[in-house]
Amino acid sequence: MIEIGRSKRATEVFSFDDIAIVPDRRTRGDEEVNLSWKIDAITCDFPIVAAPMDSVMSPATAIAFGKLGGLGILNLEGLWTRYFDPMPLLEELAAIADLPTATKRMQEIYSAPIQSELITARMQEIRDAGVPVAGSLSPKMCAEFRETVENAGVDFFVIRGTTVSAEHVSGVETPLDLKQFIYHLDVPVIVGGCGTYQSALHLMRTGAAGVLVGFGGGVSGRNNQVLGVEIPMASALADVAEARRDYLDESGGRYVHVIADGSLGNSGDISKAIACGADAVMIGGPLARASQAPGRGYHWGAEAWHPSLPRGERVQVGTIGTLEQIMFGPSHTADGTMNLVGALRKSMATTGYSNIKEFQRVRIVVRN
């Protein structure tokens, strides 16, 4: 503990920039590394999930990502479930250069109601393509659209918010009882974000198949500036990995997957997240740079269009290649933004680990 004056003590924590992975055993050939990740009945070729953000995932890009071997999640509160054809609106947003003007316009566009029939249609479109189907809702919208999402035949129901707790307290609204909600669902649930041992343990006890660690929206999020709230991801993942281990013992063998969701701007961050204990990562910003991305070189999350307190911005990230090139290369940059799968494979081969579970035991050092 570190003393901050006489009345406050704080724990020292670390972000991905504060740590490094150290090879301390044999190396392997890249071909010896197995990156497959299985959660519930779904097996993915690599442990990278596409975040439910309108600048990243449309039905078309969710299908494309699924065909590459990953899991793409559609935001069921986004433009694709509010408008039959949101493409003109996406083009309009891409043409707005002024940031406050873009934020105001997003608030107007996202004020349109969510349409249940569009949720059904978008999920069916993805299912018809033969790839895993996953949709995301915020906690406050789960009760209203739960039956619609469940009837749509999703493989995963994702409950994603800035901070999701199993014990939300409110005197003016009925809070979502996560344990009861998940218990009555017939599909596996991934829920988050969280950032501490105790909050993660509570979420695991609700019956979730996976928990999200972090706030998401690393490049576009502004929670620290607006709320003063931030999660240093290296420390958070290590704490939640310990909660996963303790819950495994507590539950008699039930394994809950830990998914890093935030501050994952490059392939090195992805490797560090898994080294800190993550089973998989959820990324948005790196995929927003794909030529197929709906954001057309811009990236934003749900926090950017909050009607009264935006905690994110629409940021320009540019376009660097196709979705396939970003995931599998060849890379034309040396900054870790392309060939994400190849970089993770190389990191594991360099340190001598053959699968994700083994790589979670790799040695980590803290930078001075």
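Reply: Accessible areas here come from the Shrake-Rupley method with a 1.4 Å probe. The model is a predicted one.

Me: How much of the accessible surface of the chain belongs to carbon and sulfur atoms?
Reply: The chain has an accessible surface of about 16100 Å². The part of this surface that belongs to carbon and sulfur atoms is 49%.

Me: What radius of gyration does the chain have, and why does it agree or disagree with that of a compact globule?
Reply: A compact globule of 368 residues would have a radius of gyration near 21 Å. The value for the chain agrees with this, because it is 20 Å.

Me: What percentage of the residues of the chain count as buried?
Reply: A residue counts as buried when its relative accessible area is under 20%. Among the 368 residues of the chain, the share that counts as buried is 54%.

Me: Where is Asp261 placed?
Reply: The chain contains 14 helices and 17 strands. Asp261 lies in a loop, with strand S13 (257-260) and helix H10 (267-275) on its two sides. Its place is therefore the loop between S13 and H10.

Me: Does Asp261 count as buried or exposed?
Reply: The relative accessibility of Asp261 is 3%. Buried means under 20%, so Asp261 counts as buried.

Me: Which side chain does a polar contact join to that of Asp261?
Reply: A polar contact requires a pair of N or O atoms within 3.5 Å. The contact made by the side chain of Asp261 has a length of 2.9 Å, and its partner is the side chain of Arg160.

Technical notes:
Residues are numbered from 1 along each chain as its sequence is written. This is a predicted model: local features need pLDDT of at least 70, side-chain atom pairs count only at pLDDT 80 or more; totals for chains, interfaces and linings use all residues. Side-chain values use heavy atoms; hydrogens and water are left out. Helices (H or I, at least four residues) and strands (E, at least two) are DSSP runs, numbered from the N terminus. Buried means under 20% relative accessible area, exposed over 50%, partly exposed in between (1.4 Å probe, protein chains only). A polar contact is a pair of N or O atoms within 3.5 Å; within protein, one must be able to donate a hydrogen and the other to accept it, and residues adjacent in sequence count only if both atoms are side-chain atoms. The radius of gyration is taken over C-alpha atoms; the globule rule is 2.2 Å times the number of residues to the power 0.38.
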